[in-house]
Amino acid sequence: MGRGIWGSILVCELVLPFSSLSNHNYSTKIGRLEDMKSTELGFLLAYAVAFYAFIIRRSLQLSRDHHTKLFGLRPGWFISQRLNDVSDAQWRNFRANLPILTIVFTIFALLANVSRTFLHFKAKGMSLIWLVISLAYLIYLHGACIVFIILIASLNFLVVKIFARTKYFSFVFWVFNLFFLICNRVYEGYSFSIFGQHWAFLDNFRGTFRWHICFNFVVLRMISFGYDYHWAHQDSRPNYKKHIQHCHICKSGKICYQILQERSVSDDKFSFNIYLSYLLYAPLYLTGPIINFKAFASQIDVPQNHFSVRNVAWYGVRWVFSLLLMEVMTHLFYYNAFAISGTWRHLSPLDVFIVGYGVLNFMWLKFFLIWRYFRFWSLICGIEAPENMPRCINNCHNLESFWKNWHASFNKWLVRYIYIPLGGSQRKLLIVWVIFTFVAVWHDLEWKLLSWAWLTCLFFIPEMLFKSAANAFQATNAFRKFVLRELRAVAGAVTITCLMVANLVGFVIGASGINWLTSRFLEKEGLPVLAGMLVSFYVGTKLMFHVQDFKESRH
């Protein structure tokens, strides 16, 4: 007994000093690492400030020197003595119609909320209210062409009801929807004269907006309805317990979008009037965000409770500030006008990079504003749709995170209705080709979009291989972690460059401009600019790592 006590005392006397020394050394190393990270962060921030100061200064100079050669500039109102870049047709139309859209959706929201609150309408009643409202809206937009929309939607409903419980469903359903997706574009919305000359007079009443452009979103909703109905008659029942344990929204007693789109709905929700009100739901009809059928059917009965009235109001205020930011940007920097006019082809490689980078930021902010505007009105009406731009374009350093945060609701749709049914992660390298080809065809039948799609798929392959190698690489010590972080930063710089090229090819210069773009940066004058781009994107990627570390430290 005595020996045991004295032995324990001896062990404590000998081991504890070394243990304390070890802990002290460990704490010292952690402290040094934190100091190194702080020093690195200071350098990265200084570089970022200098980078954007140079970009802003040079952009202002380019806009001032070349404004007489640019198309699409109009007298400004927000900043005196400055022209306003409204060369983008989509942004110009949205901006011009903003007052009337706001009045129309205010009336729609009042009608819907009064019906729900004072008349106590549930799913059946609300679907009829939204169907009447949406049909009135579509008659204004498309005139007599609403007949084509109702006809194709009705045929789709019949296909679903007839084939949903058969083994041929997927084949028949996809052939039907792809057929109309392509034919609508090829025949540019059809002509009433194809049904006979006595119907040709209806071609004079085609409304103010081409119906076959909007119908692309209707096709996504038709597919969502079909598969949600098809899966509702299978035995599989999702398990929410694991999700609820990790979801801070569900743990707070509210219902998140993930649960809304996965939980079962009764058979009576798959009725024709709810189906039509879902396809034509006015706030999300023109541009989305894309909401799946079960999420819509759940909320038409019981409105969303994720966002309070205060949250929705603040969401609207933030949107107004973002709109003011866009007005400042288009009054000061004429990025899109350079691209539309073709003037940037005569600029130096450095200026080509600045304009290209500016165009992508303009596109991001444009879609951010359009999608958030319509989502805001949907929230007011009690229907939550996914956020389409949850992360800034300048905070994505790999292809996967970029596409999860650019048109995010479409990404969720693609994962749910194409990626998982085709095999998911087990066939990822093959499925991305199917997905991006579909995305290109869905946007439009143009070679430049197919070029964009296939370029993106090519860029995905090395990223997937790198991620696989990184996961296999065991970062067991500080040096290995440092090496892995640096390799990820280099990979991020290359990926951002590839993303710029792919998106400029797809949405600005087209496939024919690939040779011009690459030749500009591989010539003697362009190589230093290319090196500077990679260094800047490397710095940007490292900054993203610090942002990610900060977010993780808060949880």
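In which helix does Val-309 lie? Val-309 lies in helix 13; helices here are DSSP runs of H or I with at least four residues, numbered from the N terminus. The model is predicted, so local features need pLDDT of at least 70 and side-chain atom pairs count only at pLDDT 80 or more, while totals for chains, interfaces and linings use all residues. Residues are numbered from 1 along each chain as its sequence is written, and side-chain values use heavy atoms, without hydrogens or water.

Val-309 counts as exposed because its relative accessibility is 75%. The cut-offs are under 20% relative accessible area for buried, over 50% for exposed and partly exposed in between, with a 1.4 Å probe and protein chains only. The C-alpha atom of Val-309 is 9.3 Å from that of Leu-379, and 70 residues separate the two along the chain. Helix 13 (residues 309–332) also holds Val-320. At 41% relative accessibility, Val-320 is partly exposed.

The largest nonpolar core has 159 residues. Such a core is a set of buried Ala, Val, Leu, Ile, Met, Phe, Trp, Tyr and Cys residues joined through side-chain atoms within 4.5 Å. Tyr-137, Tyr-285, Phe-353, Trp-413 and Phe-438 touch the most other members. Helix 15 (residues 349–380) gives the most to this core, with 21 residues. Beyond its neighbours within four places in sequence, Tyr-137 has contacts that include Leu-101, Phe-105 and Tyr-285. Contact means heavy atoms within 4.5 Å. A second, separate core has 5 residues, among them Cys-247 and Ile-259.

Helix 19 (residues 447–472) has 26 residues, and its end C-alpha atoms are 38 Å apart.

The structure holds 16 salt bridges, each a side-chain nitrogen of Lys or Arg within 4 Å of a carboxyl oxygen of Asp or Glu. One of them joins Lys-428 and Glu-400 (3.5 Å, N to O). Another joins Arg-485 and Asp-549 (3.1 Å, N to O). Arg-485 lies in helix 20 and Asp-549 in helix 22 (residues 527–554), so the pair ties together parts 64 residues apart in sequence. Arg-485 is buried at 18% relative accessible area, whereas Asp-549 is partly exposed at 25%.

Conventions. Helix = DSSP H or I, 4+ residues; strand = E, 2+ residues; numbered from the N terminus. Expected span 1.5 Å × (residues − 1).
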